[in-house]
Amino acid sequence: MSPRRTLYRDAALADGTGPSLRKGVSVLVDDGRVVWLRPTSEEGDLPADLHLVDAGGSTIVPGMVDAHSHVTLPGGSHWIDRGFDPPEELLEVAEHNGDLLAQAGVRWARDVGSPAAVDPVDGRKRALALRVRERWRNNPTRPRMKVAGTWMAHSGVLPPGLTIEVDDGARLLAAANAQFDDGVDFLKLYLDGPKKEEAPWSTEDVRAVVELAHRRGAKVTAHSGTLAGARVGIDAGVDSLEHGFELDSDAAAQMARRGTFLVSTLAIFRSWASFAQTTMLPRFVAKEGRERIARRREGAIESVRLAHHAGVRIATGTDFGGGSLRANHLAWEVEALVEAGLQPWEALASATVRGRELLGETDVGRIFEGGPPDFFLVHGDPLSDPTALWRVWRVAWKPDMSWTMDR
Ligand SMILES: [Zn+2]
């Protein structure tokens with residue numbers, strides 16, 4: 001069933017490139033392409049068999065990029081336990097997440113870690129998200145993906161069995177090579193070590209991995225919960241830091257100078273704060289737990305503030321699945337970036353334009369004639385109110401909204 005020729009008439013447009021809304025915009029979509037984008041007063045001759053969508057009062061937004069996602073995992077307060085669920089269960093979770101992402105206006109999921117499982121087709125053990133990427137590749141209504149494979153971490157940091165554990169530079173390099181053989185798009189290093197004040201590997205060890213990846217035309221990103229790991233990652237030339245919860249002004253200045261992206265995940269702390277009400281887990285409910293989370297949240301907001309002031313490019317992520325958020329929560333992160341001092345349009349740019357730059361794909365996060373219909377419509381103005389992004393009304397790349405029928 002091919003999608004109908006559709007005209008979205010008289011919407012506003014927030015394209016993430018500036019602070020002002022364009023009003024009175026019409027967009028014609030045909031055969032999976034944007035035919036044109038014109039002022040509503042200048043639509044000109046219209047083709048026959050047109051499905052007209054009166055978009056009055058809504059705002060067109062480019063499909064967003066969740067730059068830190070884990071599509072095979074469900075999130076929630078037991079998010080780490082869920083990583084040990086059977087692969088078939090996790091593949092079902094991924095399909096549900098695919099629905100949630102589209103409903104939330106998220107076009108691209110940059111997957112920064114999934115459990116590994118034996119592939120029933122070829123018998124190889126590799127990251128489950130690679131199988132999801134393959135499943136979704138030829139379905140234009142499913143999220144588009146870039147996959148980092150499985151987390152590479154030092155032993156003693158994450159629960160055994162979830163990650164590829166590597167304790168020295170030679171094994172790190174071998175693990176990186178193996179992930180490329182599995183077909184990953186980029187690499188993810190876990191730069192928190194067993195000791196908080198020490199990075200798990202040396203700058204030279206990490207640099208060797210970065211050079212390997214760059215030779216293959218791929219990027220390297222690094223989980224960075226601590227300042228020690230952030231410093232090693234930046235010095236070694238990783239392309240981006242995930243979370244960056246403990247950056248100082250020095251690290252931020254260096255990131256700006258070297259062009260290192262920050263992928264913010266501040267909404268994690270909003271989610272954890274909500275668990276004080278909704279769970280019985282002491283780390284969220286007890287007074288010490290709540291205070292610790294509030295302190296870390298302040299530190300993380302300050303890191304983003306420093307990075308933003310230094311001119312670091314910030315892309316946004318939810319960390320859904322690998323953290324406690326769910327796959328339809330990217331608006332929460334955009335809101336959190338505004339709290340951290342970004343203008344609403346800059347925060348939207350983080351979810352669109354910066355996502356494109358980070359992924360290195362020209363079509364991402366923009367709407368253009370001849371391009372894919374990768375946009376969605378929200379009720380309200382996200383350039384003055386980021387919460388408008390929660391109010392998704394239509395998704396142009398999935399116009400029938402039949403979320404589960406097309407698997
Ligand atoms: Zn994560």
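Biologist: At what angle do helix 8 and helix 10 pack?
Modeller: Helix 8 (residues 267-278) and helix 10 (residues 287-310) pack at about 165°, and their axes are 10 Å apart. Axes are lines fitted to C-alpha atoms, for helices over the stretch in contact, with angles from 0 to 180 degrees between N-to-C directions. Helices are DSSP runs (H or I, at least four residues), numbered from the N terminus.

Biologist: And where does all this come from?
Modeller: It's a predicted model, where local features need pLDDT of at least 70 and side-chain atom pairs need 80 or more, while totals for chains, interfaces and linings use all residues. Residues are numbered from 1 along each chain as its sequence is written, and side-chain values use heavy atoms, leaving out hydrogens and water.

Biologist: Back to the pair: at about 165°, how do helix 8 and helix 10 run?
Modeller: That angle of about 165° makes helix 8 roughly antiparallel to helix 10. The cut-offs: under 35 degrees is roughly parallel, over 145 roughly antiparallel, 65 to 115 roughly perpendicular, and the rest oblique.

Biologist: Which residues make the contact?
Modeller: Helix 8 brings Phe 269, Arg 270, Trp 272, Ala 273 and Ala 276, and helix 10 brings Arg 290, Ile 293, Arg 296, Arg 297 and Ala 300. Contact here is heavy atoms within 4.5 Å.

Biologist: New topic. How far apart are the axes of helix 7 and helix 10?
Modeller: The axis of helix 7 (residues 249-258) is 8 Å from that of helix 10, and the two pack at about 40°. Helix 7 and helix 10 are therefore oblique to each other.

Biologist: Which residues meet there?
Modeller: Ser 249, Ala 252, Ala 253 and Ala 256 of helix 7 meet Leu 306, Ala 307 and Ala 310 of helix 10. That contact has six nonpolar, one polar and no charged residues.

Biologist: What about helix 4 and helix 5: what's their angle?
Modeller: Helix 4 (residues 169-182) packs at about 20° to helix 5 (residues 203-215), axes 9 Å apart. That makes helix 4 roughly parallel to helix 5.

Biologist: And who touches whom?
Modeller: From helix 4, Gly 169, Leu 172, Leu 173, Ala 176, Asn 177 and Phe 180 meet Asp 205, Ala 208, Val 209, Leu 212 and Ala 213 of helix 5. By class, this contact of helix 4 with helix 5 has eight nonpolar, two polar and one charged.

Conventions:
Nonpolar A, V, L, I, M, F, W, Y, C, P; charged D, E, K, R; others polar.
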